[in-house]
Amino acid sequence: LSAEDSLDALKKLQPSTCSVLRDGKLVDDAPASELVPGDVINLVVGDKVPADARVVELKTTTLSADEGSLTGESKTVAKTAETVEGQVPIQGKRNMVFSGTMITNGRAKAIVTSTGMTTEIGRIQKGVTEAKQDAEKTPLGQKLDEFGDQLSGIIGGICVAVWLISAPKFWAPVFGSPIRGALYYAKIAVALGVAAIPEGLPAVITLCLSLGTRRMAKRNVIVRKLPSVETLGCTSVICTDKTGTLTTNQMTAVSLIHLADNLDPKHMESALTEHPVPGVSYDPRGSVEGVDLAELTKQKGLLDLAACASLCNDARLVLRDDGGFDRVGEPTEAALKVLAEKLGAPGVEKPDSPEKACDNANAFWSSRYEKLATLEFNRDRKSMSVLVRPTDGGPNRLFVKGAPEMLLERCKYVRLPGGRTMLMTPEIKASITEKFQEMARRPLRCLATAVKEGVNMGKLGRWEGSESEADVPDMLKDPTKFANVESDLVFTGLIGIKDPARPEVADAIASCKKAGIRVIMITGDSKDTAVAISRDIGIFGQFEDITGKAFVGGDFFELSEEDQKATLKEGNIVFCRTEPRDKQRLVKMLNDLGEVAAMTGDGVNDAPALQQSAIGVAMGITGTEVAKEAADMVLADDNFATIVNAVEEGRCIYNNMQSFICFLISCNIGEIATIFIATLLGLPEPLTPLHLLWVNLVTDGPPATALGFNPPDPDAMSQKPRGRDSPIMTKWLLTRYCVTGTYVGLATVGAFLNWYVRHGVFVSELTHWGQCSTWEDFTVGAVPAAVAGAVAADPCAIFGAAARRHAQSCALATLVTMEMLKAASAISVDNSLLRVPTWKNPWLMLGIAVPSALHLGVSYLPSLGGIFGLTPLTKEDWASVLMFAAPVLIVEEILKAIGRRVKAKESEEGA
């Protein structure tokens, strides 16, 4: 169903009409479905591209498209009509526009190259369909199927075996005929089957998964497919995007560099001063380290840098309803707006109000200067500028920002913070060049700022602006002359910008490492950027050799198949400049290696990989509808740390399911042992089928359900993920619960025998009770008043149904008490009650109290007691019950201690 929903969402991305050339004329509302390769289409701002097409002519200076849905990257892509050489990924196809993407700037003419399923988005549709065909059951589903088959076979075998073992007793005199004897033991075999089948298991599993979805929702994880809740618990690899998941997706200025006021061209060692800029978001509050707002008035060079950051800019900051900050406009320009606010403005106090913080210093610069013209960015000169006029009079100025390697060549002067202007010497240029190259290696996106003023402005220094196109100077209309306008500049500084890592991600990565979960970053960014972020957050160590761990483009797939598998089996990995289809190929390979991979994604291009992975995780904020429909769960906050929290919750849910499954099965093993031991010893039935059904449905159900609320084990995230093939009931757990179940059976039978022994019947007589009518001089001791008359008339009546119900009441009370004690112990599979006490789960306390009260009700209320064949217990009876039931806690604690040692040994062997 999710694959069909994803395909429906993909269809919504396709425009229904387009502008196409027909018979030499432009038809604006032509059906997009009728396009064929070779058609000429017209594209303008706001159009959805109707097919994959080659740009052949730009009708404006620039053309940009938002390809985030295909590439996963948030930056718009500048397009060109020039030829692109060689094999390049989608990000590098600058002369192509793709179906379903949006034109964000400019106008162009293009020739259709692909339509329908042959387009890039069509290939994604095909990938979603193929991934759906490869889908398989979750690890839990597979193991429950196996477990159910095994349980059915075992139960059937035991029932038949018990009936056959009892065959010699069919001829006992008490039955009157072999047929009646056979029917009696057939009833016991049926009781055994009732005891063995955990009737409440399906309902409890569904309820536990549902509770897990509720808890996950509180941790910002919205579950779309119920079984995926448990699958998270065995996640061994997390394949994650970088932008917005590991990082904030909020470009942030983190470094400000200017020339030193005491600059000496002969000693360039300390020519530049760098100021760290705290912050990881669009929050404009804060300051720049080392910059004193009170002294800013005296620092003309810094003021020019601040003015450039604020004015050479079309973005603006806004306050969201939730109190956070966001941008309107390009991310890089928003980062400059934030920097301008952190630098502050001369004579303007920083506000306390978040609303005013969005536009405090920026409002100051807007009031000081009037924009006359904007020289838009283009790829040739890699810069943009604004021509401004001071509102208090004076000549016009030109503020410029751009790529340092290009802008520096057009700078003739440098400005020191104090305002002194000097010639740009080769030594100063070399020092600045070395600095921005070093910044690029961190890596930071580096921008240079500059200003042009005074006599160098020429005619533009006196131009007053005009709304009439005819009055605008030619140099402001012709993009080929923009570089000449942006010449003879005064260099004012460098700004380092990056999409910073989320503050909580480093701890989340450390938790993954501790939990044995590997992290694979898959990004469209450059290798330097990806590796730097990886080192920042702990995917790689600061000085770790990344040879064979970081791959660009298709380099990984050029390796031999053996090398690819060997690489994917160990350690954290980074893939850069990846194609959309690469994600799906990686997920398939991880699945083949037996890994349980969680894959994050937000774009249309991620849908096949999300569908293919064991757990597809879509982004709730930036994710497309296509990605969300293909995913198993959605992150409400797009945060990697939330995935790790979800994994912890998944492990907790699995542990809880294992707790209640093992609890139910161990209870059933105890019931089986009771019937089996009684049959082997030749005793009267200690429990009736109705008693066993009561235990399974009423007294076992509520505690098992309450175990679904167990808190996470303290060591849940310090253990390696369980394997895809790991059984729910391991060999050790089966052994453990067979031991516990055997004790439960012995104790229940012991309580049954003890009642008879206390009333004068020897064990040897009980084991041959069917021969009672042939015994001579058989007598019994004091018996309950309700059966005294019958026993006095016939001592063998003590084995009859009326007297037996007293012994069965003791046996059933012992069994119920032990199961309540075992439920209290089951709050953790391996941890001692001293470390994880029962009251850590209040629901479990209630789940024990309610069945206990119900059982007391059916024991002590005559109307109910008659239905269930029970009688009230005396003080002696309760003493007997506690004597046999209480030791089960000691048995459980001993077995837990052994279990911890077994698990520790397995971990050491695995390491």
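## Thr699 in helix α22

In this predicted model, Thr699 belongs to helix α22, which covers residues 689-699. Is Thr699 buried or exposed? Its relative accessible area is 0%, so Thr699 is buried.

What sits around it? Leaving aside residues up to four places away in sequence, Thr699 touches Trp694, Val816, Glu819, Met820 and Pro851.

## How α21 and α27 pack

Two packed helices are described by the angle between their axes and the distance between the axes. Here, helix α21 (residues 640-681) packs with helix α27 (residues 801-825) at an angle of about 155°, and their axes are 11 Å apart. Because of that angle, α21 is roughly antiparallel to α27. The crossing of α21 past α27 is right-handed.

Which residues meet where these helices pack? From α21 come Phe663, Ser666, Cys667 and Glu671, and from α27 come Leu815, Glu819, Lys822 and Ala823. Sorted by class, this contact holds four nonpolar residues, three charged ones and one polar one. Glu819 is a name to look out for: Glu819 is among the α27 residues meeting α21, and Thr699 touches Glu819 too.

## Ser832 in a loop

Now for a loop: Ser832 is found between α27 and α28, the latter being residues 842-860. Ser832 has a relative accessibility of 12%, so it counts as buried. Apart from residues up to four places away in sequence, Ser832 touches Glu893, Lys896 and Arg900.

Key
Residues are numbered from 1 along each chain as its sequence is written. This is a predicted model: local features need pLDDT of at least 70, side-chain atom pairs count only at pLDDT 80 or more; totals for chains, interfaces and linings use all residues. Side-chain values use heavy atoms; hydrogens and water are left out. Helices (H or I, at least four residues) and strands (E, at least two) are DSSP runs, numbered from the N terminus. Buried means under 20% relative accessible area, exposed over 50%, partly exposed in between (1.4 Å probe, protein chains only). Contact means heavy atoms within 4.5 Å. Axes are lines fitted to C-alpha atoms, for helices over the stretch in contact, and angles run from 0 to 180 degrees between N-to-C directions. Angles under 35 degrees count as roughly parallel, over 145 as roughly antiparallel, 65 to 115 as roughly perpendicular and the rest as oblique. A crossing is left-handed if the near helix is turned anticlockwise from the far one by less than a right angle, and right-handed if clockwise. Ala, Val, Leu, Ile, Met, Phe, Trp, Tyr, Cys and Pro count as nonpolar, Asp, Glu, Lys and Arg as charged, and the others, Gly among them, as polar.
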